[in-house]
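Please examine the sequence and the structure shown below. A short report accompanies them.

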Amino acid sequence: MDKIATGGIAKDETATDEIILQTRDLSVQFGGLKAVNRVNLTVTRGDLLGLIGPNGAGKTTIFNLITGSLVPTEGEIIFRGHQIGGKRPDVIARMGISRTFQNIRLFPQMSVLENVAIGLHAAPKYTVLEALFRLPRAVRSDREVNRKAMEHLERVGLAEYHDAKAGSLPYGLQRKLEIARAMATSPQLLLLDEPAAGMNNEECQSFIAFLRQLHRETGLSIVLIEHHMNVVMDLCPRIYVLNLGEVLAEGDPREIQRNPAVIRAYLGERRRTARAGDRA
Amino acid sequence: MGYLNSIFILGGINVLAVVGVAVLTGYTGLFTIGHAAFMAIGGYTAAVLVVKLNQPFWLGLVAAGFAAALSSLIVGYPTLRSKLKGDYFAIAMLGFGEAVRLLLNNTYKVINGAIGFTGIPLYTTSLLVLALDIVGIWLIRNFVISQYGKNCVAIREQEVAAELMGIDVMKTKLWALAISAFYAGVAGGLFGFYMTYLVPSMFTSSKSSDLLAAVVFGGINSLTGPVLAAFLLVALPELLRFLYVWRLVIYGLLFVIIMIFRPQGLLGYRDISWASLKRFAGRLGGGGRRSGPGLKSPPPARVAASGGGR
């Protein structure tokens, strides 16, 4: 428990030593390119883990591997004791892993409420026959889903927009809705892919507060990919740095900021490109 | 009277087939140019059961639906498992439709192949068609507002996200396909017992594209739109009959105009319900008074962008 002592969050309530997700030598290869190479990640219950790295480091690819959108070429992904590498995305989702996307992927023509409801009834609680004849069990289940969806919207402060089309919401609210939808599947592990992308400083601050509260209230394990360093450093007691598909460093924000390899990965690249520019 | 009755019956049969396609294309976003094959399968199944095996007519219709639904799994399982969508799925369905038609065309035992299956009694009445239309539309409406229906829409809107929310995409699509095939099958059964004979050339791909056209014309994500369109598309050529050769030109022109000015279809993303009729009446009476929050109306640009279902 003391390994997350530097974090600003209420560690005692949420973090435990119980490992919820573990990748072992996780690798994926696209043709000749090793997009992810022997990555070992460990997420414990109640963790709020940061995943950072320069563009093309393989962060989103790791999310795609964990959620089943990609099949690993090597290595294992263990989620709560089960090997999930290569399983179908919907099966993995129902096991308790949910995510948001770098480029928002809501259901734009559906209402805000319906978007969240999908998270609740991806596997309907009644048969197709009951749906066709609208038998009592279907009516009851639909009502229950709507009630729960409303609760999820209230928690993120989107209740007043429940009737609006998701695609008509402003950008920041769409991001929030995506998180609400992911939460509706009642996941054990939430993967957020650049949730603060495109936000200004002020919006980032309120987003940090929002995410911290969500994390404290639910005790959920969260993995966060983010380019806003202040968001990651502020929120995450433990950070993994990826570069060129490999784990470069792991540690608390202070260690990461001082790590010479990390600094080189971020700044060294820039110097190289500058020199390439000179030559041209 | 007989002429109007015939338009009503053929229109009603078309409505039944089209609401099925509405589930598959309008809600789930899978385009099909092969549903005439399910009508054919349904039509021949009912005819064989009733005429050759002396079963009651109602049993023939039920069997027509199930035979079509089962055969839809034969084409649906391999195509949807390999995640065919968009044009590719449509082409697979086109192939299936032609294969079924050619099979029937060359089966001379029992069904008489290209010569045609004759001697089917006239059992389909306007009252029966009306009753089946009402029940059929009611069932489909229940389906699309159910959790299954919402899952279908989610798949059309954003398949990647739908799958990552935990929706079994293949199973949901198979259900949509099977239901649409069931409807086409029953419609085919009614059709055979109205025409009193069946020839495979009744079920060409142009019949399939008529069904698809009614859904696209009527509107994506809508039931009332396709129902109206299905009926109109049968009645319209008859109404335009006085124009002789120009009839089909105007028919085609109408399509082009609709697709230019309302690419989402006449009633795309909306349905006529009591509430919406009341709102409409209120707006007429109240001088354009808006009801509900301003956010309710869809941004037109997005409608066009995501309407394709690809």
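The report treats the domains, the nonpolar core and the interface in turn.

## Basis of the model

This is a predicted model, in which local features need pLDDT of at least 70 and side-chain atom pairs count only at pLDDT 80 or more, while totals for chains, interfaces and linings use all residues. Residues are numbered from 1 along each chain as its sequence is written, and chains are lettered from A and ligands numbered from 1 in the order in which they are written.

## Domains of chain A

Chain A comprises domain 1 (2-96 + 187-279) and domain 2 (105-186); such bounds come from an automatic or database domain assignment. Over C-alpha atoms, the centres of these two domains of chain A are 28 Å apart.

## The largest nonpolar core

A nonpolar core is a set of buried Ala, Val, Leu, Ile, Met, Phe, Trp, Tyr and Cys residues joined through C-beta atoms within 7 Å. A residue is buried if 20 or more other C-beta atoms, placed from the backbone, lie within 10 Å of its own. The largest such core has 169 residues, and L224(A), A17(B), V18(B) and A187(B) touch the most other members. Because domain 1 and domain 2 of chain A both give residues to this core, it lies between them.

## Contacts between the chains

Residues are in contact if their C-beta atoms, placed from the backbone, lie within 7 Å. By this criterion, 36 residues of chain A meet 32 residues of chain B. Helix 4 of chain A gives the most to chain A's side, with 5 residues; helices are DSSP runs (H or I, at least four residues), numbered from the N terminus.

Terms used: Buried ≥ 20, exposed ≤ 12 C-beta atoms within 10 Å, placed from the backbone. Contact = placed C-beta atoms within 7 Å. Helix = DSSP H or I, 4+ residues; strand = E, 2+ residues; numbered from the N terminus.
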